[in-house]
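Hello, and welcome to my notebook. I opened this structure and looked things up one at a time, so please read along with the picture beside you.

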Amino acid sequence: QFTCSVVLCSLLSACSQQESAQHGTDEALVRKDTIKPNVVIFYVDDLGYGDLSSYGMTATQTPSIDALAREGIRFTDAHSSAATCTPSRYSLLTGQYAFRNNAAILPGDAPLIIDPDTPTLPDMMKKAGYKTAVVGKWHLGLGRGHVNWNEAVKPGPLELGFDYSFLMPATGDRVPTVYLENHHVVNLDPANPIEISYQQRIGSRPVGTESPQLLKQGADLQHSRTIVNGISRIGWMKGGHEAEWVDEDFHTVFTNKAIDFIEQNKAKPFLLYFPFHDIHVPRVPNEMFVGKSGMGPRGDAILQMDWMTGRIVQALKDAGVYDNTLIVFSSDNGPVMDDGYADQAEELKGEHDPSAGFRGGKYSAYEAGTRVPMIVTFPNGITSAGESSALISHIDLYRSLANLVSVELEQGEALDSVDLLPALLDASATGREEMLEESFTVSIRSGKWKYIEPFSGTTPDWLANKTAIENGLQSEPQLFDLSNDIAEQNNIATKYPEIVNQLQTRIDQIRAM
Ligand code: NG6
Ligand code: CA
(Lines give C-alpha, C1' and ligand atoms only; values in the text may rest on other atoms or scores of the structure.)
(Ligands and ions follow the chains in the order given, each with its own letter.)
Protein backbone atom coordinates (compact mmCIF):
# COMPACT_ATOMS: atom_id res chain seq x y z
CA GLN A 1 0.00 0.00 0.00
CA PHE A 2 1.21 3.45 -0.93
CA THR A 3 2.28 5.85 1.80
CA CYS A 4 3.27 9.46 1.61
CA SER A 5 6.80 8.81 2.67
CA VAL A 6 7.18 6.54 -0.35
CA VAL A 7 6.21 9.39 -2.63
CA LEU A 8 8.42 11.85 -0.86
CA CYS A 9 11.29 9.40 -1.06
CA SER A 10 10.86 8.93 -4.78
CA LEU A 11 10.43 12.67 -5.25
CA LEU A 12 13.48 13.32 -3.16
CA SER A 13 15.58 11.03 -5.23
CA ALA A 14 14.13 12.29 -8.54
CA CYS A 15 14.66 15.89 -7.55
CA SER A 16 18.02 15.51 -5.96
CA GLN A 17 19.23 13.84 -9.12
CA GLN A 18 17.76 16.66 -11.17
CA GLU A 19 19.12 19.32 -8.85
CA SER A 20 22.58 17.90 -8.50
CA ALA A 21 22.78 17.58 -12.26
CA GLN A 22 21.71 21.18 -12.66
CA HIS A 23 23.29 23.00 -9.75
CA GLY A 24 25.75 20.71 -8.01
CA THR A 25 25.15 19.23 -4.58
CA ASP A 26 25.95 22.16 -2.33
CA GLU A 27 22.66 24.04 -2.71
CA ALA A 28 20.97 22.10 0.04
CA LEU A 29 18.45 24.81 0.79
CA VAL A 30 17.25 25.14 -2.77
CA ARG A 31 17.00 21.40 -3.06
CA LYS A 32 14.93 21.16 0.11
CA ASP A 33 12.40 23.56 -1.37
CA THR A 34 12.29 22.13 -4.86
CA ILE A 35 11.48 18.62 -3.70
CA LYS A 36 8.07 19.87 -2.74
CA PRO A 37 5.88 19.54 -5.81
CA ASN A 38 4.02 22.58 -7.09
CA VAL A 39 0.27 22.31 -7.32
CA VAL A 40 -1.84 23.87 -10.07
CA ILE A 41 -5.62 23.57 -9.97
CA PHE A 42 -7.36 24.40 -13.25
CA TYR A 43 -11.00 24.89 -12.34
CA VAL A 44 -13.19 25.37 -15.40
CA ASP A 45 -16.65 26.86 -14.97
CA ASP A 46 -19.64 24.78 -16.12
CA LEU A 47 -17.64 22.29 -18.20
CA GLY A 48 -19.62 19.07 -18.68
CA TYR A 49 -18.36 15.51 -18.47
CA GLY A 50 -18.65 15.21 -22.25
CA ASP A 51 -17.12 18.59 -23.15
CA LEU A 52 -13.54 17.44 -23.89
CA SER A 53 -12.33 15.30 -26.75
CA SER A 54 -10.53 13.17 -24.16
CA TYR A 55 -13.98 12.53 -22.65
CA GLY A 56 -15.73 11.59 -25.87
CA MET A 57 -16.42 14.94 -27.56
CA THR A 58 -16.07 14.55 -31.33
CA ALA A 59 -17.53 17.86 -32.55
CA THR A 60 -14.32 19.76 -31.85
CA GLN A 61 -10.94 19.05 -30.26
CA THR A 62 -9.25 20.07 -26.99
CA PRO A 63 -5.63 19.12 -27.73
CA SER A 64 -3.93 20.78 -24.75
CA ILE A 65 -6.15 19.07 -22.21
CA ASP A 66 -6.07 15.79 -24.11
CA ALA A 67 -2.28 15.84 -23.82
CA LEU A 68 -2.66 16.02 -20.03
CA ALA A 69 -5.16 13.16 -20.15
CA ARG A 70 -2.78 10.98 -22.16
CA GLU A 71 0.02 11.55 -19.74
CA GLY A 72 -1.76 11.41 -16.39
CA ILE A 73 -4.85 9.93 -14.77
CA ARG A 74 -8.27 10.47 -16.34
CA PHE A 75 -11.03 10.03 -13.77
CA THR A 76 -14.43 8.70 -14.80
CA ASP A 77 -16.27 9.16 -11.48
CA ALA A 78 -14.89 12.44 -10.15
CA HIS A 79 -17.23 15.08 -8.76
CA SER A 80 -17.41 18.71 -7.94
CA SER A 81 -18.81 18.97 -4.46
CA ALA A 82 -21.94 20.74 -5.72
CA ALA A 83 -23.91 21.41 -8.88
CA THR A 84 -23.29 25.17 -8.71
CA CYS A 85 -20.28 27.38 -8.42
CA THR A 86 -20.18 29.02 -4.98
CA PRO A 87 -20.81 25.83 -2.98
CA SER A 88 -18.28 23.87 -5.07
CA ARG A 89 -15.59 26.47 -4.54
CA TYR A 90 -16.42 26.77 -0.87
CA SER A 91 -15.88 23.02 -0.44
CA LEU A 92 -12.72 22.90 -2.54
CA LEU A 93 -11.09 25.60 -0.41
CA THR A 94 -12.35 24.49 3.03
CA GLY A 95 -12.76 20.72 2.75
CA GLN A 96 -16.28 21.08 4.14
CA TYR A 97 -19.68 20.57 2.61
CA ALA A 98 -21.23 23.90 1.71
CA PHE A 99 -24.49 23.18 3.55
CA ARG A 100 -22.53 23.61 6.78
CA ASN A 101 -22.36 27.28 5.82
CA ASN A 102 -25.59 27.55 3.80
CA ALA A 103 -23.38 28.54 0.88
CA ALA A 104 -25.44 29.24 -2.24
CA ILE A 105 -24.94 31.16 -5.51
CA LEU A 106 -23.93 34.65 -4.41
CA PRO A 107 -24.78 38.08 -5.82
CA GLY A 108 -21.80 40.11 -7.02
CA ASP A 109 -21.81 42.39 -3.97
CA ALA A 110 -22.01 39.64 -1.32
CA PRO A 111 -19.64 39.64 1.66
CA LEU A 112 -16.97 36.95 1.95
CA ILE A 113 -18.64 33.71 3.06
CA ILE A 114 -15.50 32.03 4.42
CA ASP A 115 -14.56 33.28 7.87
CA PRO A 116 -10.86 34.24 7.81
CA ASP A 117 -10.42 32.06 10.92
CA THR A 118 -11.52 28.96 8.99
CA PRO A 119 -8.56 26.87 7.88
CA THR A 120 -8.29 26.81 4.09
CA LEU A 121 -6.39 24.90 1.44
CA PRO A 122 -3.97 27.80 0.80
CA ASP A 123 -3.45 28.26 4.58
CA MET A 124 -2.53 24.61 4.79
CA MET A 125 -0.13 24.82 1.84
CA LYS A 126 1.51 27.90 3.34
CA LYS A 127 2.29 25.88 6.47
CA ALA A 128 4.39 23.70 4.18
CA GLY A 129 6.22 26.76 2.84
CA TYR A 130 4.22 27.30 -0.37
CA LYS A 131 3.64 30.55 -2.22
CA THR A 132 -0.04 30.68 -3.05
CA ALA A 133 -2.09 32.49 -5.68
CA VAL A 134 -5.59 32.61 -7.07
CA VAL A 135 -6.06 33.95 -10.59
CA GLY A 136 -9.56 33.97 -12.07
CA LYS A 137 -13.16 33.80 -10.99
CA TRP A 138 -13.73 34.09 -7.23
CA HIS A 139 -17.49 34.09 -6.45
CA LEU A 140 -17.10 33.51 -2.72
CA GLY A 141 -17.95 37.08 -1.74
CA LEU A 142 -15.62 39.88 -0.67
CA GLY A 143 -15.42 42.25 2.27
CA ARG A 144 -17.78 42.58 5.19
CA GLY A 145 -21.27 44.01 4.91
CA HIS A 146 -21.67 46.33 1.97
CA VAL A 147 -18.50 46.31 -0.17
CA ASN A 148 -16.96 49.68 -0.99
CA TRP A 149 -15.12 48.96 -4.26
CA ASN A 150 -13.23 52.26 -4.07
CA GLU A 151 -11.25 51.34 -0.98
CA ALA A 152 -9.24 48.27 0.02
CA VAL A 153 -11.68 45.41 -0.57
CA LYS A 154 -11.17 42.95 2.26
CA PRO A 155 -11.32 40.40 3.72
CA GLY A 156 -10.86 38.28 0.61
CA PRO A 157 -8.40 35.73 -0.71
CA LEU A 158 -5.39 37.43 0.92
CA GLU A 159 -7.04 36.96 4.31
CA LEU A 160 -7.70 33.28 3.50
CA GLY A 161 -4.13 32.23 2.82
CA PHE A 162 -3.44 33.42 -0.73
CA ASP A 163 -0.29 35.51 -1.15
CA TYR A 164 -1.52 36.95 -4.42
CA SER A 165 -4.90 37.33 -6.07
CA PHE A 166 -6.11 38.57 -9.43
CA LEU A 167 -9.84 38.21 -9.62
CA MET A 168 -13.04 38.44 -11.47
CA PRO A 169 -14.89 39.21 -8.22
CA ALA A 170 -18.06 37.16 -8.82
CA THR A 171 -19.05 35.95 -12.30
CA GLY A 172 -18.84 37.27 -15.84
CA ASP A 173 -22.55 37.94 -15.85
CA ARG A 174 -22.58 39.93 -12.61
CA VAL A 175 -21.45 43.46 -11.81
CA PRO A 176 -18.95 44.81 -10.91
CA THR A 177 -17.30 44.05 -14.27
CA VAL A 178 -13.81 44.97 -13.07
CA TYR A 179 -10.66 43.12 -12.06
CA LEU A 180 -9.51 43.11 -8.48
CA GLU A 181 -5.77 42.67 -7.88
CA ASN A 182 -5.04 41.91 -4.24
CA HIS A 183 -7.19 44.45 -2.38
CA HIS A 184 -7.79 46.96 -5.16
CA VAL A 185 -9.83 47.41 -8.29
CA VAL A 186 -7.45 47.63 -11.25
CA ASN A 187 -7.39 50.96 -13.16
CA LEU A 188 -9.95 52.60 -10.93
CA ASP A 189 -10.13 56.38 -11.38
CA PRO A 190 -10.91 57.84 -7.93
CA ALA A 191 -12.77 60.64 -9.71
CA ASN A 192 -15.24 58.09 -11.08
CA PRO A 193 -16.01 55.79 -8.14
CA ILE A 194 -17.89 52.52 -8.51
CA GLU A 195 -21.27 51.86 -6.99
CA ILE A 196 -23.10 48.56 -7.24
CA SER A 197 -26.69 47.64 -6.52
CA TYR A 198 -28.56 44.38 -6.77
CA GLN A 199 -31.75 46.03 -5.49
CA GLN A 200 -32.46 48.94 -7.77
CA ARG A 201 -31.25 50.76 -10.80
CA ILE A 202 -28.47 53.22 -10.13
CA GLY A 203 -26.52 55.50 -12.46
CA SER A 204 -27.47 56.48 -15.97
CA ARG A 205 -25.94 53.69 -18.00
CA PRO A 206 -28.14 51.94 -20.49
CA VAL A 207 -29.78 48.68 -19.46
CA GLY A 208 -30.62 45.64 -21.54
CA THR A 209 -34.39 45.95 -21.21
CA GLU A 210 -34.40 49.45 -22.70
CA SER A 211 -31.49 49.38 -25.15
CA PRO A 212 -31.42 45.95 -26.80
CA GLN A 213 -29.81 47.53 -29.89
CA LEU A 214 -26.58 47.93 -27.86
CA LEU A 215 -26.31 44.21 -27.10
CA LYS A 216 -24.00 41.58 -28.58
CA GLN A 217 -26.35 38.90 -27.24
CA GLY A 218 -29.97 38.98 -26.11
CA ALA A 219 -30.59 38.08 -22.47
CA ASP A 220 -33.33 37.04 -20.04
CA LEU A 221 -34.73 39.55 -17.55
CA GLN A 222 -32.25 38.81 -14.72
CA HIS A 223 -29.35 39.37 -17.14
CA SER A 224 -30.79 42.59 -18.59
CA ARG A 225 -29.53 45.23 -16.18
CA THR A 226 -26.46 47.46 -16.70
CA ILE A 227 -24.80 47.05 -20.11
CA VAL A 228 -21.01 46.81 -20.07
CA ASN A 229 -19.06 46.04 -23.24
CA GLY A 230 -22.25 45.27 -25.16
CA ILE A 231 -23.39 42.66 -22.61
CA SER A 232 -26.21 43.31 -20.15
CA ARG A 233 -25.42 41.91 -16.70
CA ILE A 234 -27.11 40.85 -13.46
CA GLY A 235 -27.15 43.93 -11.18
CA TRP A 236 -26.61 47.63 -11.74
CA MET A 237 -23.30 49.46 -11.81
CA LYS A 238 -22.54 53.17 -11.68
CA GLY A 239 -19.12 54.74 -12.35
CA GLY A 240 -15.86 52.83 -12.73
CA HIS A 241 -15.82 53.07 -16.50
CA GLU A 242 -11.99 53.22 -16.63
CA ALA A 243 -11.75 49.93 -14.73
CA GLU A 244 -14.18 47.90 -16.84
CA TRP A 245 -12.93 44.65 -18.23
CA VAL A 246 -13.24 43.66 -21.87
CA ASP A 247 -14.64 40.12 -22.00
CA GLU A 248 -12.82 39.35 -25.24
CA ASP A 249 -9.47 39.94 -23.46
CA PHE A 250 -9.95 37.39 -20.66
CA HIS A 251 -7.91 34.77 -22.48
CA THR A 252 -4.70 36.79 -22.25
CA VAL A 253 -5.37 38.81 -19.09
CA PHE A 254 -5.86 35.81 -16.79
CA THR A 255 -3.35 33.60 -18.59
CA ASN A 256 -0.59 36.20 -18.38
CA LYS A 257 -1.18 36.80 -14.67
CA ALA A 258 -0.85 33.05 -14.06
CA ILE A 259 2.30 32.86 -16.16
CA ASP A 260 3.81 35.84 -14.31
CA PHE A 261 3.14 34.12 -11.00
CA ILE A 262 4.80 30.90 -12.22
CA GLU A 263 7.81 32.81 -13.54
CA GLN A 264 8.24 34.75 -10.31
CA ASN A 265 7.93 31.71 -8.08
CA LYS A 266 9.54 28.93 -10.04
CA ALA A 267 12.35 28.61 -7.48
CA LYS A 268 9.90 27.98 -4.63
CA PRO A 269 7.09 25.49 -4.22
CA PHE A 270 3.79 27.14 -5.20
CA LEU A 271 0.06 26.59 -5.31
CA LEU A 272 -1.74 28.20 -8.23
CA TYR A 273 -5.53 28.01 -8.12
CA PHE A 274 -6.77 29.02 -11.57
CA PRO A 275 -10.56 29.18 -11.74
CA PHE A 276 -11.58 30.06 -15.32
CA HIS A 277 -14.39 32.35 -16.33
CA ASP A 278 -14.94 30.05 -19.31
CA ILE A 279 -17.19 28.37 -20.24
CA HIS A 280 -19.70 30.27 -18.08
CA VAL A 281 -22.03 32.86 -19.61
CA PRO A 282 -21.70 35.39 -21.13
CA ARG A 283 -19.76 33.42 -23.71
CA VAL A 284 -17.87 36.02 -25.70
CA PRO A 285 -14.50 34.46 -26.49
CA ASN A 286 -11.75 36.30 -28.33
CA GLU A 287 -11.93 36.52 -32.12
CA MET A 288 -9.07 33.97 -32.26
CA PHE A 289 -11.67 31.36 -31.34
CA VAL A 290 -14.88 32.75 -32.81
CA GLY A 291 -16.45 30.31 -35.27
CA LYS A 292 -13.71 27.71 -34.74
CA SER A 293 -15.70 25.02 -32.95
CA GLY A 294 -18.70 24.93 -35.26
CA MET A 295 -20.89 24.98 -32.14
CA GLY A 296 -21.17 28.72 -31.61
CA PRO A 297 -19.90 30.68 -28.61
CA ARG A 298 -20.16 27.80 -26.12
CA GLY A 299 -17.93 25.54 -28.21
CA ASP A 300 -15.60 28.44 -29.02
CA ALA A 301 -15.26 29.14 -25.29
CA ILE A 302 -14.18 25.51 -24.83
CA LEU A 303 -11.44 26.09 -27.41
CA GLN A 304 -10.36 29.28 -25.67
CA MET A 305 -10.22 27.46 -22.32
CA ASP A 306 -8.13 24.68 -23.90
CA TRP A 307 -5.75 27.27 -25.38
CA MET A 308 -5.34 28.99 -21.99
CA THR A 309 -4.63 25.64 -20.32
CA GLY A 310 -2.01 24.88 -22.96
CA ARG A 311 -0.31 28.25 -22.48
CA ILE A 312 -0.03 27.81 -18.72
CA VAL A 313 1.20 24.21 -19.01
CA GLN A 314 3.82 25.44 -21.48
CA ALA A 315 4.87 28.10 -18.96
CA LEU A 316 5.41 25.35 -16.37
CA LYS A 317 7.57 23.51 -18.88
CA ASP A 318 9.49 26.66 -19.83
CA ALA A 319 10.14 27.33 -16.15
CA GLY A 320 11.52 23.80 -15.80
CA VAL A 321 8.98 22.85 -13.12
CA TYR A 322 6.40 20.82 -15.05
CA ASP A 323 7.71 17.39 -14.00
CA ASN A 324 7.53 18.38 -10.38
CA THR A 325 4.04 19.91 -10.58
CA LEU A 326 0.84 18.14 -9.65
CA ILE A 327 -1.87 19.48 -11.97
CA VAL A 328 -5.55 18.94 -11.27
CA PHE A 329 -7.81 19.87 -14.17
CA SER A 330 -11.55 19.84 -13.49
CA SER A 331 -14.83 21.76 -13.49
CA ASP A 332 -16.99 23.35 -10.77
CA ASN A 333 -20.27 21.83 -11.91
CA GLY A 334 -21.96 20.19 -14.88
CA PRO A 335 -22.96 21.71 -18.21
CA VAL A 336 -25.76 24.15 -19.04
CA MET A 337 -26.92 25.37 -22.42
CA ASP A 338 -29.24 28.33 -21.86
CA ASP A 339 -27.99 30.11 -18.74
CA GLY A 340 -29.48 33.50 -19.51
CA TYR A 341 -28.05 34.70 -22.83
CA ALA A 342 -29.17 34.00 -26.39
CA ASP A 343 -25.87 32.51 -27.52
CA GLN A 344 -27.49 29.58 -29.34
CA ALA A 345 -25.66 26.96 -27.30
CA GLU A 346 -28.54 24.52 -27.71
CA GLU A 347 -29.30 25.31 -31.34
CA LEU A 348 -25.69 24.94 -32.51
CA LYS A 349 -24.54 21.96 -30.50
CA GLY A 350 -25.59 19.45 -33.15
CA GLU A 351 -24.93 15.88 -31.98
CA HIS A 352 -22.66 16.99 -29.15
CA ASP A 353 -23.80 15.76 -25.72
CA PRO A 354 -22.16 17.86 -22.96
CA SER A 355 -23.54 15.53 -20.26
CA ALA A 356 -22.23 12.44 -22.07
CA GLY A 357 -25.38 10.44 -21.37
CA PHE A 358 -25.57 11.23 -17.66
CA ARG A 359 -28.85 12.75 -16.53
CA GLY A 360 -29.23 16.47 -15.76
CA GLY A 361 -26.49 19.09 -15.77
CA LYS A 362 -25.65 22.25 -13.86
CA TYR A 363 -28.09 22.84 -10.94
CA SER A 364 -29.19 19.20 -11.05
CA ALA A 365 -29.32 16.51 -8.36
CA TYR A 366 -28.76 13.93 -11.09
CA GLU A 367 -25.26 12.76 -11.92
CA ALA A 368 -24.38 15.30 -14.59
CA GLY A 369 -24.77 18.04 -11.96
CA THR A 370 -21.48 17.10 -10.33
CA ARG A 371 -19.85 14.34 -12.38
CA VAL A 372 -17.18 16.27 -14.25
CA PRO A 373 -13.98 15.59 -16.15
CA MET A 374 -10.97 15.38 -13.89
CA ILE A 375 -7.40 14.86 -15.00
CA VAL A 376 -4.33 14.69 -12.79
CA THR A 377 -0.75 14.88 -14.06
CA PHE A 378 2.45 14.75 -12.07
CA PRO A 379 5.41 13.20 -13.91
CA ASN A 380 7.59 12.91 -10.79
CA GLY A 381 4.82 11.44 -8.66
CA ILE A 382 2.33 9.34 -10.63
CA THR A 383 3.21 5.69 -10.37
CA SER A 384 0.50 4.38 -12.66
CA ALA A 385 -1.25 6.55 -15.27
CA GLY A 386 -4.41 5.73 -17.24
CA GLU A 387 -8.14 5.68 -16.52
CA SER A 388 -9.37 5.64 -12.93
CA SER A 389 -12.91 4.77 -11.85
CA ALA A 390 -12.22 5.85 -8.25
CA LEU A 391 -15.11 7.79 -6.72
CA ILE A 392 -13.60 11.13 -5.69
CA SER A 393 -14.85 14.60 -4.82
CA HIS A 394 -12.99 17.89 -5.10
CA ILE A 395 -13.60 18.23 -1.38
CA ASP A 396 -10.93 15.51 -1.03
CA LEU A 397 -8.17 17.62 -2.55
CA TYR A 398 -7.61 19.39 0.78
CA ARG A 399 -6.70 16.28 2.77
CA SER A 400 -4.95 14.59 -0.17
CA LEU A 401 -2.72 17.61 -0.75
CA ALA A 402 -2.05 17.86 2.99
CA ASN A 403 -0.69 14.32 2.75
CA LEU A 404 1.35 15.25 -0.32
CA VAL A 405 3.04 18.16 1.45
CA SER A 406 3.13 16.45 4.88
CA VAL A 407 0.97 18.85 6.85
CA GLU A 408 -0.93 17.44 9.83
CA LEU A 409 -4.45 18.80 10.01
CA GLU A 410 -6.02 20.20 13.16
CA GLN A 411 -9.03 18.68 14.83
CA GLY A 412 -12.13 19.59 12.78
CA GLU A 413 -10.10 20.98 9.85
CA ALA A 414 -11.38 19.93 6.40
CA LEU A 415 -14.05 17.90 8.16
CA ASP A 416 -15.55 16.29 5.06
CA SER A 417 -12.36 15.74 3.12
CA VAL A 418 -10.94 12.24 2.62
CA ASP A 419 -7.27 11.60 1.92
CA LEU A 420 -7.25 10.10 -1.56
CA LEU A 421 -3.66 10.93 -2.47
CA PRO A 422 -3.10 7.29 -3.50
CA ALA A 423 -5.86 7.67 -6.11
CA LEU A 424 -4.31 10.92 -7.40
CA LEU A 425 -1.08 9.06 -8.11
CA ASP A 426 -2.19 5.60 -9.13
CA ALA A 427 -5.00 4.94 -11.59
CA SER A 428 -5.72 1.54 -10.04
CA ALA A 429 -6.18 2.83 -6.46
CA THR A 430 -9.68 2.88 -5.02
CA GLY A 431 -11.69 5.94 -4.05
CA ARG A 432 -14.54 6.72 -1.70
CA GLU A 433 -17.24 4.26 -0.65
CA GLU A 434 -19.67 7.05 0.04
CA MET A 435 -20.03 10.68 -1.06
CA LEU A 436 -22.57 13.48 -0.91
CA GLU A 437 -23.52 15.55 -3.95
CA GLU A 438 -25.01 18.97 -3.23
CA SER A 439 -27.56 20.71 -5.43
CA PHE A 440 -30.75 22.46 -4.34
CA THR A 441 -31.14 19.23 -2.38
CA VAL A 442 -28.62 16.60 -1.24
CA SER A 443 -27.87 13.24 -2.86
CA ILE A 444 -25.73 10.43 -1.62
CA ARG A 445 -23.67 7.90 -3.53
CA SER A 446 -23.04 4.69 -1.63
CA GLY A 447 -21.71 1.62 -3.41
CA LYS A 448 -24.00 1.09 -6.37
CA TRP A 449 -26.76 3.28 -4.94
CA LYS A 450 -27.62 6.87 -5.63
CA TYR A 451 -30.28 8.38 -3.41
CA ILE A 452 -31.76 11.86 -3.81
CA GLU A 453 -33.37 13.40 -0.76
CA PRO A 454 -36.93 14.69 -1.29
CA PHE A 455 -37.06 18.44 -1.76
CA SER A 456 -39.54 20.39 0.33
CA GLY A 457 -38.34 23.94 -0.33
CA THR A 458 -39.38 26.33 -3.07
CA THR A 459 -37.56 26.11 -6.37
CA PRO A 460 -36.39 29.61 -7.36
CA ASP A 461 -38.59 30.94 -10.17
CA TRP A 462 -35.71 31.42 -12.58
CA LEU A 463 -34.81 27.74 -12.21
CA ALA A 464 -38.36 26.41 -12.27
CA ASN A 465 -38.93 28.39 -15.49
CA LYS A 466 -35.95 26.80 -17.22
CA THR A 467 -37.77 23.71 -18.39
CA ALA A 468 -34.75 22.44 -20.34
CA ILE A 469 -32.92 21.95 -17.03
CA GLU A 470 -33.75 18.74 -15.15
CA ASN A 471 -33.05 19.94 -11.64
CA GLY A 472 -33.97 16.57 -10.11
CA LEU A 473 -36.04 18.16 -7.35
CA GLN A 474 -38.97 15.97 -6.34
CA SER A 475 -41.11 15.73 -3.26
CA GLU A 476 -40.69 11.93 -3.26
CA PRO A 477 -37.46 10.05 -2.48
CA GLN A 478 -35.50 8.91 -5.54
CA LEU A 479 -33.28 5.83 -5.56
CA PHE A 480 -31.27 4.52 -8.48
CA ASP A 481 -29.07 1.48 -8.93
CA LEU A 482 -26.18 2.94 -10.91
CA SER A 483 -24.74 -0.51 -11.61
CA ASN A 484 -27.48 -1.08 -14.16
CA ASP A 485 -29.06 2.38 -14.49
CA ILE A 486 -26.26 4.90 -14.92
CA ALA A 487 -28.69 7.34 -16.56
CA GLU A 488 -30.96 7.36 -13.47
CA GLN A 489 -34.11 6.48 -15.34
CA ASN A 490 -35.79 4.00 -12.95
CA ASN A 491 -36.64 5.32 -9.53
CA ILE A 492 -36.81 2.18 -7.38
CA ALA A 493 -37.31 3.92 -4.01
CA THR A 494 -40.65 2.22 -3.34
CA LYS A 495 -39.12 -1.19 -4.02
CA TYR A 496 -36.29 -0.72 -1.49
CA PRO A 497 -37.69 1.28 1.43
CA GLU A 498 -35.02 -0.02 3.83
CA ILE A 499 -32.19 1.24 1.56
CA VAL A 500 -33.96 4.59 1.32
CA ASN A 501 -34.12 4.73 5.12
CA GLN A 502 -30.48 3.80 5.53
CA LEU A 503 -29.27 6.36 3.05
CA GLN A 504 -31.47 9.13 4.46
CA THR A 505 -30.09 8.29 7.90
CA ARG A 506 -26.53 8.58 6.56
CA ILE A 507 -27.28 12.01 5.09
CA ASP A 508 -28.74 13.09 8.44
CA GLN A 509 -25.70 11.77 10.31
CA ILE A 510 -23.23 13.53 8.01
CA ARG A 511 -25.22 16.75 8.34
CA ALA A 512 -25.08 16.51 12.12
CA MET A 513 -21.30 15.90 12.22
C1 NG6 B 1 -27.87 32.01 -11.71
C2 NG6 B 1 -27.89 32.78 -13.01
C3 NG6 B 1 -26.98 32.09 -13.99
C4 NG6 B 1 -25.60 31.91 -13.41
C5 NG6 B 1 -25.69 31.22 -12.07
C6 NG6 B 1 -24.37 31.10 -11.38
C7 NG6 B 1 -30.09 33.81 -13.38
C8 NG6 B 1 -31.43 33.63 -13.97
N9 NG6 B 1 -29.25 32.80 -13.54
O10 NG6 B 1 -28.63 32.64 -10.75
O11 NG6 B 1 -26.92 32.79 -15.20
O12 NG6 B 1 -24.97 33.16 -13.27
O13 NG6 B 1 -26.55 31.94 -11.21
O14 NG6 B 1 -23.58 30.18 -12.06
O15 NG6 B 1 -29.78 34.83 -12.78
S16 NG6 B 1 -22.40 29.58 -11.27
O17 NG6 B 1 -21.75 28.64 -12.20
O18 NG6 B 1 -21.54 30.68 -10.92
O19 NG6 B 1 -22.96 28.87 -10.14
CA1 CA C 1 -20.17 27.05 -12.43
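This is a predicted model: local features need pLDDT of at least 70, side-chain atom pairs count only at pLDDT 80 or more; totals for chains, interfaces and linings use all residues.

I began with a pair of strands: S4 and S12 (residues 270–275) run parallel and share 4 bridges. In my notes, strands pair if DSSP finds at least two bridges between them. Helices (H or I, at least four residues) and strands (E, at least two) are DSSP runs, numbered from the N terminus.

Residues are numbered from 1 along each chain as its sequence is written, while chains are lettered from A and ligands numbered from 1 in the order in which they are written.

Next I checked for other partners of S4. Strand S5 (residues 164–168) is parallel to S4, with 5 bridges joining them. Here I saw Ala133 opposite Tyr164.

Is S4 enclosed or open? I counted 7 buried residues out of 7 in S4 (residues 131–137), so the strand is largely enclosed by the rest of the structure. Buried means that 20 or more other C-beta atoms, placed from the backbone, lie within 10 Å of the residue's own.

I then turned to S1 (residues 38–44), which runs parallel to S12 with 5 bridges. Val39 stands opposite Leu271 there.

Which order do the strands of the sheet take? I read S7-S6-S5-S4-S12-S1-S13-S14-S2-S15, an open sheet of 10 strands with mixed pairing. The edges are S7 (184–185) and S15 (386–388), each pairing on one side only.

I also looked at a helix, H7 (residues 296–318). Its 23 residues reach 33 Å from first C-alpha to last, close to the 33 Å expected at 1.5 Å a residue; the expected span is 1.5 Å times one less than the number of residues. Of the 23 residues, 17 are buried, so H7 is largely enclosed by the rest of the structure. Just after H7, I noted Gly320 with a positive phi of about 75 degrees.

Last, I visited ligand 1. I found 16 residues around it, the closest being Thr84, Cys85, Gln222, Gly340 and Trp462; a residue is near if its C-beta atom, placed from the backbone, lies within 6 Å.

How values were computed
A residue is buried if 20 or more other C-beta atoms lie within 10 Å of its own, exposed if 12 or fewer, and partly exposed in between; C-beta atoms are placed from the backbone.
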